[in-house]
Amino acid sequence: MVPTSTRATVQLSRSSPAVADATAVFVHKQTKAQAQYPALAKAEQAMLEKLIASGAVRGKSGEVTVQLLEGAKPKRLVVIGLGDRNQFSAECLREGGAALAKAARRHGLRSVAVLLPAIPDALPKTPGGAKNSSGSAAGYAALTEGLLLGSFDYAEYRGTADKSADKEDRGPVTFALVAAAGHDNELVAAVDRARVIAEGQNFARTIASRPGNNINPSSLAKVAQELAREVGLTCRVIDDKEMKRLGMGGILAVGSGSTNTPPRMIVLEYQGSGFRVRGSVRRRKANSIGNRQSATGNPLLVIGKSITFDSGGISIKPAEKMDRMIFDKSGGMAVLGLMYAAAKLKLPVDVIGILAAAENILSESSYRPGDILRMYNGVTVEVTNTDAEGRLVLGDALAWGIETFKPAAVVDLATLTGGVVIALGKAMAGVMSNNDALVQELTEASQAAGEKIWRLPIWDEHRELMKGEPADIVNAGPSRDASPLQGGAFLSYFVPWQGKDAIPWAHLDIAGVADTEKELPLYAKGATGWGVRTLVHWVTHRAQTQR
């Protein structure tokens, strides 16, 4: 099984399990003391009314109240606040589920019966946002995601010194979502799908959390190969020797300082259509004809920056917080999570995932400012900053992936610039693109996922900023002006940007959202796995519209 750092399960139930050691309910700010939960036992209902009437429970978003109930078998009532009913959305349930999961772990609960509040037929995806066509299914799915994301607990490196009571091994917890009869098939499908998406995201978080002495380009390739074997993907690993033959000067330069762990281009292929994908390394199927396109059109290509550790190279980073550069591979980890989910969900669309993996460290063989590199597509780049390395590995991956697979659309994800954090903060990713329709698709997918994106421009003026001398372009402009836009403008030189041969392309700068230094409603400190949910929703939409 892929590692998810999650010791929790979510299942549907017709009634509260007799073995449950807690019952969880959700309330809004407007919930009155006499509010009824028909499935609650009398003692639990009485306690809920008492807590609301006394003001101990106010229904504020993120509020968690745990009350011990007397009886032959001690049991707890857990009350989760959902905030203002007028702002109720799937995201409220997602965050409420995460709050419940964290509380369950703190209190050592093993089995929790979860009673959902009334869910409107048209439940908004986010507060005040577009509405889901099926409110109940969307609500159960969001709650399932929240429960599993909130249960994430990265413990691979906890040692013998960590013996505090709250770190004790309390075993897994089971959340039973109590659902009335009549929606069984729809809710089962929604919960099952949400479970897979959350597993993909927690898988991405687990690998992103592994330190540089564990994950390097070669060991990351092994992780991808193990994933491929488990879920039925094809995996090809392009090593440094083949990169040299292919002329991938960007990724080779970035990884040149790490002689023991050279770069790798990791290519994962999911053939959801049943036909051989153009450029596929898989042998031709008996029912395929030549290089026939899939029934759903050309494949989707998703590329992730996977710098397994980034010191900045000769343009070295400050020592403060350099340890957080293990998360510089988060774009590639989102691709891993997507590929897991696409295969498990059996989405009827072809998807190619590429992880451009390198380690950017300082040594006698490191690349230098002033070096001139020739990229896969022939564009030459003068290195003006060795810490602007992510765009170099992505440039080669974009150019090679587009030429090889002729995709219908391309999305790349990268922790590319600190400038995007200055511009947008840590609540959303920046998106840059040459295609309005693709941005709209990603925006709708992000809203359905509860992940936020905001479009930033790439104009000719920004592309001009990257022009160089004596090389075609530079990898970092002469100033920090328009820093995140410089990154996107640089990458635009490696995609068919305009004209009749243009390919829809979007660049997601996830530097502000890939990890967190403080606990968030959905996430503990560390990797977030941001992007997995948005990508799965986007690929699902493409699968549905191309059929």
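Which residues make a nonpolar surface patch of about 270 Å²? The patch is made by Ile-314, Ile-316 and Leu-362. Patches here take residues with over 30% relative accessible area and no salt bridge, joining nonpolar side chains (Val, Leu, Ile, Met, Phe, Trp, Tyr) within 5 Å and like charges within 9 Å; a salt bridge is a side-chain nitrogen of Lys or Arg within 4 Å of a carboxyl oxygen of Asp or Glu. Areas come from the Shrake-Rupley method with a 1.4 Å probe, and only the protein chains shown count as cover.

A word on the model itself. It is predicted, so local features need pLDDT of at least 70 and side-chain atom pairs pLDDT 80 or more, while totals for chains, interfaces and linings use all residues. Numbering runs from 1 along each chain as its sequence is written, and side-chain values use heavy atoms, with hydrogens and water left out.

Leu-362 counts as partly exposed because its relative accessibility is 47%, the class between buried (under 20%) and exposed (over 50%).

The largest pocket has a volume of about 1,000 Å³. Of its 34 lining residues, Lys-317, Met-325, Leu-416, Thr-417 and Gly-418 are the closest to its centre. On a 1 Å grid over the protein atoms alone, a pocket is an open set of points with protein on both sides within 12 Å along at least five of seven lines, a cavity is a set where a 1.4 Å probe fits but cannot get out, and lining residues have an atom within 4 Å of a point. Volumes are the space filled by probe spheres set on the points, which are joined across faces, edges and corners. By class, the pocket lining has nine nonpolar, eleven polar and 14 charged residues.

Helix H4 (184-209) and helix H8 (330-345) each give two or more residues to its lining, which divides into eight nonpolar, three polar and one charged.

Glu-469 and Pro-470 are joined by a cis peptide bond, omega about 15°. Lys-321, not a glycine, has a positive phi of about 65°, and Ala-482 has a positive phi near 55°.

Conventions:
Helix = DSSP H or I, 4+ residues; strand = E, 2+ residues; numbered from the N terminus. Nonpolar A, V, L, I, M, F, W, Y, C, P; charged D, E, K, R; others polar. Buried < 20%, exposed > 50% of the residue type's maximum accessible area, 1.4 Å probe, protein only.
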